[in-house]
Amino acid sequence: MSLDFQSFARELREVQSSQSDLTNAENRRLKSREDRLSLSVCTVCHEPFSLLFNKRLVCMQCALGVCRHCAHFDTSSLLWTCTKCQNYRCQTKRTGGWISGQ
């Protein structure tokens with residue numbers, strides 16, 4: 001089990017780190033690979049999901065699987081957001097990027 005988890009986590013980190021400078025076709029391929037990996041492990045902390053103790057939640061913005069430790073519950077919309085998307089939203093709100101759409 002730990003060997004599978006380590007390989008999933010390593011593969012997920014590789015996918016996330018290499019997405020920045022790729023063509024659209026490569027991006028789509030890596031995105032589908034990341035989607036498949038997020039069914040098994042958290043995309044933020046890379047912990048494997050289980051039915052009882054580490055349940056999979058879906059981020060409302062990026063639609064990837066995250067665990068409860070790496071998610072933030074939005075009380076206004078009653079939806080979960082991963083910490084990466086939540087930090088991005090806070091930064092965009094602080095800098096005024098939401099006005100220009102950046």
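I began with contacts along the chain of this predicted model, and found that residues 24 or more positions apart account for 32% of the contacts with a separation of 6 or more.

I then looked up the secondary structure, which comes to 4 helices and 4 strands, and reading along the sequence I noted the pattern α-α-β-β-β-β-α-α.

For burial and surface, I recorded that buried residues make up 27% of the 102 residues in the chain, and that the chain exposes about 7,100 Å², with carbon and sulfur atoms supplying 55% of that area.

Which residues of H2 are buried? I listed Leu-30, Glu-34 and Leu-37, and because they cover an arc of only 55 degrees around the axis, I place them on the same side of H2. I set beside this the rule that an α-helix has 3.6 residues a turn, so residues three or four places apart point the same way. On the other side of H2, I found Asn-24, Arg-28 and Arg-36 exposed.

Last, I looked for nonpolar surface and noted a patch of about 490 Å² made by Leu-51, Leu-52 and Phe-53. Leu-52 lies in the loop between H2 and strand S1, residues 57-58. Is Leu-52 buried or exposed? I count Leu-52 as exposed, because its relative accessibility is 73% and the cut-off for exposed is over 50%.

Conventions:
Residues numbered from 1 in each chain as written. Predicted model: local features only at pLDDT ≥ 70, side-chain atom pairs only at ≥ 80, totals over all residues. Heavy atoms only, no water. Helix = DSSP H or I, 4+ residues; strand = E, 2+ residues; numbered from the N terminus. Buried < 20%, exposed > 50% of the residue type's maximum accessible area, 1.4 Å probe, protein only. Contact = heavy atoms within 4.5 Å. Areas by Shrake-Rupley, 256 points an atom, 1.4 Å probe, with all protein chains shown as cover. Arc of directions from axis to C-beta. Patch = residues over 30% accessible without salt bridge, like charges linked within 9 Å, V, L, I, M, F, W, Y side chains within 5 Å. Salt bridge = Lys/Arg side-chain N within 4 Å of Asp/Glu carboxyl O.
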